[in-house]
Structures are given as structure tokens and as C-alpha cells.
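Hi there,

Here is the structure I promised to pass on. Have a look at it first, and then read on for my notes.

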Amino acid sequence: MTMGQRHMAGDRGWSSDRRGQEESKPLLERLQEMLGALPGIGPKSAERIAHHLLAASREEVFELADALRAVKEKLKRCSRCCVPTEAETCFTCLDTLRDSGLLCVVEQPRDQAAFERMGTYRGLYHILHGRLSPLEGVGPEKLTIDQLITRLRGGEIREVILATNPTLEGDGTSLYIAGLLGHMNVRITRLARGIPAGSVLEFANSQMLADAMDGRNTF
Amino acid sequence: MEGLVVRVSDWSETSRIVTLFTREHGKLRALAKGGRRLRSPFESSLDLLNHDRMVLIRKTSGGLHLLTESSQITRFSGLAKDYQALSGAYLVAELLGDWVEENDPHPGLFDAAIGCLKDLEQAACADGETEKGMPKWNPRDRLVVLELALLIDLGYRPELTGCVGCAKKAEKGSAAFAFGSGGLVCRGCRLDQRGWRELPERCWKLARNLVAAIELGGNGWAELSVSEESARREVRRWLGEYLSWIRGRRPRLMGWQEE
Ligand SMILES: [Zn+2]
Ligand SMILES: [Zn+2]
């Protein structure tokens, strides 16, 4: 091999390497950006996950990719309660042992899951998929309020439990929905709030005490 | 440090980023680690429009400060009893979050905002529940008073007594308000102005009286309660335009106020 040939070979090797880097770099960067946009994942974690995926086996990564794709392609919203489900109607809505006259309205599927873990509520749910947040541009049209109204027009529901988060926006969302339901023949309730059981009065803040006093019930 | 939470976003499973309008330091953005948990050094104080006392580790290099502790002074929970009052409160949060800058304290505006939220909460309470001596406000008009206080405090005081060009006193009839100069302009000086709009006499006079009352430490209740609704509506529209003109965009909640 002459000097010139070796130089050319080396050159080719170098340039193809570099081309490889240029092609993979934006891809990897893109992956990191997308990972970094997920809740709770900062740029450092995004980088670590991206490199983990790069090092993992094809099968492992493809399985993850398939799961991601399937979530979006196969999961839709239940035609009644709007919870994500693979079927037209979810198991909860189809459960005939549940009280179909009782409807608990929550912000997120995770709130429903929390009530289900509690295990004592036997009514149905409605998932709003968010809360009214005028500052972020989230108005009623972005939630499943229309579906809720349609559902109530069916006439089977006696009581609507507004179980949005006890925050200003959550309370505001309940207030808005209660306004819409005012003329309908349903009982509207909301969750009690106040002092957590097992704590002591002297350490409760004034808001908790005021809430507990407002929501007191007959002994 | 005393502050009002003007924006909240979830940062992770347990943490929150809050934008605060503090009495001492103007606007600050801070990370509250564990701020979504019930048992945390923040209790439940990091909700939107909570008035809190807090402890903060300030980052001098820019970026997010670190909130280490916070407790509630007032939670305006009554706001969630009436959608008009609540909408007004959202507009308070939006204006403060948008207009106040970091390291630029405006204690007067801070106190005005707290006063406004108190009045809105009173307005949300059913008749009879109103505290003795507290007027029952129309939330839209109460916002007008806060917006004027904000403009005055941040250096955009509207000049409504005479022409900003030649100082000729405005007396009778409609008058033109020039957005760029932040004041009325007489017919002769109008030509030099880019954007202006005609204000009916009852509109600029009501606005002028409100500015005077606010500068004397009043809340404009006396001026508003003797005015006509049409004049109040004109003042709301004009203020919406003036605020939008200065910031280059319309506040999201302005549609509510101009209704
Ligand atoms: Zn369902
Ligand atoms: Zn002039």
C-alpha cells in the first residue's frame, strides 16, 4: 500500500464515520428533546434514558416503541365515561353491580383510580380530562363537559358528585358545571373537606377548620 | 417574604413551579420540591392566588429560585362561589404575572391586588353574608380600579385632565385618547399621534375621577356607584385597549371584562 492509498483509505474511513455521526446526532438529539418534554424529566435524565435506549437490545426498544404506538392507536375514550379504554365501553361502565344512578365527576383517570383503590364507592364515573384553566387557555370546550351533559339527559343519574381537586381551578370547574346542571333534575354534591382524620385540631390551619365547620354533619 | 401565587404548574410527580408576585421583590419564579404532596413544608399554600408567607433561596445567577417553606396568610376560597368574581380573580393573576418584573418591587400594587381579591371574594358571597361596611362590587368594575392602580404604579398613568401635547384643559364633549402618549390630545395635537380613539365625555370624566380617587388612596367606589353602566362599560373597553396596546397583546381574560 502506498502512502497515497493509505491516506485515501484513512480519509474515506474518517469521512464515512463523520457522516454516520451527522446522521445519528440529530436523531439522538431529537429523542433527547422528546424525552425531555415528558413530565418530570430534565435534560440530564433525558440524556441518560436516550443513551440507555441506544445501548439496549433491538427487541427491548421495539417493544417499548410498540407499546407507545399501541397506546395511541388502540386506546380510545369510553363512549360513556371518557376513561381511556380499548373497548367501546369500559369495564366500569359495563359493571351491572354498580349503582348507575350515582356519578362521580373527576379531573383525571388517576383520580378515578384513587377512588377505586378506596374500594367503597360503587357508582359510576365521568372523566373531564382536565380542569378549567382560563390563564392557560383551557376552556369548557377542551373538557368532556358536553358528553357529561348528554349523559345526564339520559335521565338515569340521580346524583352527581363533583370530585374535582380542591384547588381554585378545581373548585372553579365544579362551580361552572354546577351552573350548567342547575336546571336539571339531579342532586349535585361535592366532596367534604376539612381536618384529616388522625390529626389534631390545634395544628389544623384556619382553612381546614373553616372547611370542617362549614361541612359539619349531624352526629 | 410575602407573596401572591399568580401561576402554578406541575414540574414533576411531586414538584411544582410557582410564579409569585412578592411584596418585597416583585415577580419571582420558584421551584417547590415536593410542592404537590399534602405533607410538605408548603402544606396546601401553593394554590393559585393564595396569599402566603414564604422562605426562598434566591439564585443570583438567574433561573428558578428554590422555595423551601411557605404558609398561608389568606386563601380566597370564597372566590369559587361565583363565576364572575372568579373570572375577575383570574384576570388579577394574569395581569400581575404579565406586567410585574423580577427585582422590581411594587408594594403599593401588591396591597391593591390583595384589596381587590378581598373585594371580589366579598362579591362572591351571597347577599347578607357581606361583611359590615364592605361594598358589594361588580367584579368587572372592581378590576377597572385595579387596572388603573397598576397603570399608575408601573408608570403608565393615563393623563385625562388635559392635552398631553399642549396642556389645554379638556372640558366638554368627547375627547381623543392617544395610546402612544398615554393621554388625551386636543384636535390640534391629534395629527401628531399614531393611535388614538374617541372617548365620550362621560367615559373620560369617569376615568379621570377614578385616577384622582386612586391617587388619593381611595378605591373608586364612590365614583363608580354614582356612574351610569354605559360609562362604566366604555371605561372597561378603553382600558382593555390601552392595556393591550402597551403590552402588544390582549390579556386572555379581557373578553370577560369587556362583556
Ligand atoms: Zn366507561
Ligand atoms: Zn393639544
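Two strands count as paired if DSSP finds at least two bridges between them. Strand S3 (residues 99-106) of chain A and S4(A) are joined by five bridges, in the parallel sense. Within this pair, A:Leu103 sits opposite A:Leu124 in S4(A). Please keep in mind that this is a predicted model.

The two strands belong to an open sheet of four strands in chain A, ordered S4-S3-S5-S6, with parallel pairing. Strand S4 (123-127) and strand S6 (187-190) of chain A each have a single partner strand and form the edges, so one side of each has no neighbour in the sheet. From one strand to the next, the twist averages 25 degrees.

Chain B holds a closed barrel of five strands, running S1-S2-S3-S5-S4 with mixed pairing. Neighbouring strands there are turned by 45 degrees against each other on average, direction ignored. Strand S4 (residues 51-57) of chain B pairs with strand S5 (residues 65-74) of chain B in the antiparallel sense, over seven bridges. Here B:Arg53 faces B:Ser71 in S5(B). Helix H1 (residues 83-99) of chain B packs on the sheet and touches strands S1 (2-10) and S2 (16-22) of chain B, its direction making about 95 degrees with that of S1(B).

How many residues of each chain are in contact with the other? There are 15 from chain A and 20 from chain B. On the chain A side, helix H7 (residues 168-181) gives the most, with seven residues. That side of chain A divides into six nonpolar, seven polar and two charged residues.

Best wishes

Note on methods
Residues numbered from 1 in each chain as written. Chains lettered and ligands numbered in written order. Predicted model: local features only at pLDDT ≥ 70, side-chain atom pairs only at ≥ 80, totals over all residues. Axes fitted to C-alpha atoms, helices over the stretch in contact; angles between N-to-C directions. Contact = placed C-beta atoms within 7 Å. Nonpolar A, V, L, I, M, F, W, Y, C, P; charged D, E, K, R; others polar.
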